[in-house]
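Please keep the sequence and the structure open while reading.

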Amino acid sequence: MSVTKKTKRLTWTTGIILALLVVLMIPAPYYLYQPGDVEPLAPVITVENGHKSEKGNFYLTTVSTIKTSHLYYLIYGWFAPNTQIRKEKSVSGNLTEDEYDFLLKHMMTTSQQNAVTAGLRMAGEVVPVQNKGIFVTNVLPASTAKGKIAVGDIITEIDGKPMKKSEEVIAYLSAKRAGDQVDIVFFHEGNRKQMTFGLSVINDQGKVGLGIQPEDEYVIYPPRQVKIDTREIGGPSAGLMFSLEILNQMVPEDLTKGYQIAGTGTIDQDGNVGQIGGIRDKIVAAHEGKVDIFFCPADVQPNDDNTKDIMDEAKKRNYKIKIVPVRNMKDALDYLNTLPPKT
């Protein structure tokens with residue numbers, strides 16, 4: 001073979017390698033979801049004048065999420081075991097990356113407040129709650145408020161009427177028509193602002209509104225201090241397990257009875273358990289963490305699927321974990337009270 005042909009082949013090979021490297025470096029808008037860990041909650045939660053004398057453990061379960069910044073991560077996701085690939089839009093919707101991260105942290109903070117309230121109340125203590133306004137969790141692309149009201153802003157007044165709860169905003173705006181104007185007072189990064197916005201049709205059913213997703217913003221005043229250190233964990237799904245650990249540090253008996261107990265589910269101030277995402281990954285994490293019992297949200301509404309999904313996943317994998325669906329914190333407590341001590 002001539003030197004010229006060797007040179008051409010080397011050039012082509014080098015070009016192909018460089019092209020592949022360029023492709024692998026192109027940002028890929030996907031998230032990889034994998035089973036995370038089970039984290040014991042006693043080291044994470046400390047209740048003032050409480051105790052940590054349990055023989056077993058309550059655990060939260062996590063899902064590991066990786067945003068694929070380059071195509072080689074996506075290729076890894078195709079071959080890695082127990083890995084789901086999801087498009088960025090299916091995860092964060094129309095939120096920017098900063099808005100999505102901010103919202104996850106806010107959801108964790110709210111989850112902790114709800115867990116403290118529910119846990120202390122279940123122990124018989126009074127926890128006053130003061131509603132402060134409406135936290136904006138999303139602004140729809142078609143909203144006239146897009147670019148003016150942002151995720152994290154707090155709405156406090158509409159047309160001169162104080163607004164303390166999201167249900168008040170929904171009720172007030174539901175009586176309006178498309179094209180009506182509303183005057184809104186809101187706080188952006190602590191600064192008071194006042195603007196007028198037009199209402200429009202915001203869904204296929206003809207509903208009229210501002211095009212924001214509201215959530216209650218509130219402050220709790222617990223009678224005792226509860227410290228929760230979750231570090232880099234975000235989202236609301238640890239609420240149920242937070243509240244059980246808080247309760248366990250307050251009651252004289254050991255609710256764990258020597259068992260390794262994990263679970264998942266959102267919690268509200270009244271102790272009601274809500275559905276979460278990634279539940280199939282969480283039962284995998286629980287199995288790898290050698291958990292005995294797993295609390296999951298019960299399927300209550302027609303579209304709920306947490307119980308169905310986790311039962312299906314455990315059956316497919318032949319897991320022996322005892323899965324207990326619960327509607328609220330009381331369901332979980334009733335189950336624990338009838339549980340014999342682990343021998």
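## Basis of the values

The model is predicted, so that local features need pLDDT of at least 70 and side-chain atom pairs count only at pLDDT 80 or more, while totals for chains, interfaces and linings use all residues. Residues are numbered from 1 along each chain as its sequence is written, and side-chain values use heavy atoms, with hydrogens and water left out.

## Helix 4 with helix 6

Helix 4 (residues 97-122) and helix 6 (residues 239-248) pack with their axes 8 Å apart and at an angle of about 40°. Helices (H or I, at least four residues) and strands (E, at least two) are DSSP runs numbered from the N terminus, and axes are lines fitted to C-alpha atoms, for helices over the stretch in contact, with angles running from 0 to 180 degrees between N-to-C directions. Helix 4 and helix 6 are therefore oblique to each other, a term for angles that are not under 35 degrees (roughly parallel), over 145 (roughly antiparallel) or 65 to 115 (roughly perpendicular).

On the helix 4 side, M108, S111, Q112, A115, V116, A118, G119, L120 and M122 meet G239, F242, S243, I246 and L247 of helix 6, where contact means heavy atoms within 4.5 Å. By class, this contact of helix 4 with helix 6 has 9 nonpolar, 5 polar and no charged residues, counting Ala, Val, Leu, Ile, Met, Phe, Trp, Tyr, Cys and Pro as nonpolar, Asp, Glu, Lys and Arg as charged, and the others, Gly among them, as polar.

A118, G119 and M122 of helix 4 make the contact with M329, K330 and L333 of helix 9, which by class gives 4 nonpolar, 1 polar and 1 charged residues.

Helix 6 and helix 9 have axes that come within 11 Å and cross at roughly 55°, which makes helix 6 oblique to helix 9. Here L240, S243, L244 and L247 of helix 6 touch M329, A332, L333 and L336 of helix 9, and the contact has 7 nonpolar, 1 polar and no charged residues.

## Lining of a pocket

Which residues line the second largest pocket? The lining consists of T110, N114, V129, N131, K165, S166, E215, D216, Y218, D268 and Q269, and by class it has 2 nonpolar, 5 polar and 4 charged residues. Helix 4, strand 5 (129-139) and strand 12 (212-220) each supply at least two residues of this lining, and strand 12 gives the most, with 3 residues.

A pocket here is an open set of points on a 1 Å grid over the protein atoms alone, where a 1.4 Å probe fits, with protein on both sides within 12 Å along at least five of seven lines, and lining residues have an atom within 4 Å of a point.
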